[in-house]
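This briefing concerns the single structure shown below.

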Amino acid sequence: GPEAAASLDASDRHRLLRRGRSYGPAGDGTRSADSETGLYFICLAADLARQFEFVQHTWLNNATFNGLYDDADPLTGTHHPAGATFTVPARPVRRRYRGLPQFVRTRGGAYFFLPGVSAVRYLAQLGR
């Protein structure tokens with residue numbers, strides 16, 4: 001019905017393509033203490049505010065997302081100095097973990113702008 005169509009339309013506004021790529025030595029136990037490992041987060045979005053920033057602020061850093069209480073995303077969300085809270089939903093009783101350390105440390109970030117399909121078509125026809 002109309003409600004389902006509106007829900008899908010709202011969901012489509014926040015859709016983005018994302019990939020993670022690891023860097024550093026493989027997790028085979030041979031890396032030295034000073035070698036860095038991590039994950040590059042790569043995301044393609046048509047509207048930064050409506051897609052990437054929406055997901056970041058409304059889902060990852062929202063402590064009350066989807067009926068939770070004081071539970072920003074435990075891996076990438078903003079944490080209290082005393083640590084994060086993570087709730088595992090279960091019935092009849094859910095389990096809460098408190099004081100989780102910060103697992104993810106952001107080392108940098110940048111927005112890179114790519115031309116849209118219409119701009120690429122325009123650029124392609126310039127050489128003719």
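L17, L44 and L114 together form a nonpolar surface patch of about 330 Å². Patches are built from residues with over 30% relative accessible area and no salt bridge, with like charges joined within 9 Å and nonpolar side chains (Val, Leu, Ile, Met, Phe, Trp, Tyr) within 5 Å; a salt bridge is a side-chain nitrogen of Lys or Arg within 4 Å of a carboxyl oxygen of Asp or Glu. The model is predicted: local features need pLDDT of at least 70 and side-chain atom pairs pLDDT 80 or more, while totals for chains, interfaces and linings use all residues. Numbering runs from 1 along each chain as its sequence is written, and side-chain values use heavy atoms, without hydrogens or water.

**Surface**
- L17 lies in strand β1 (residues 17-23), strands being DSSP runs of E with at least two residues and helices runs of H or I with at least four, numbered from the N terminus.
- L17 is exposed, at 57% relative accessible area (exposed is over 50%, buried under 20%, partly exposed in between; 1.4 Å probe, protein chains only).
- The chain exposes about 10,700 Å², of which carbon and sulfur atoms supply 57% (Shrake-Rupley method, 1.4 Å probe; for residues, only the protein chains shown count as cover).

**Backbone**
- The peptide bond from R91 to P92 is cis, with omega near 10 degrees.
- P92 sits in the loop between β3 (84-88) and β4 (95-100).
- Most peptide bonds are trans.

**Overall form**
- Three helices and four strands occur in the chain, in the order α-β-β-α-β-β-α.
- Of the 128 residues, 12% are buried.
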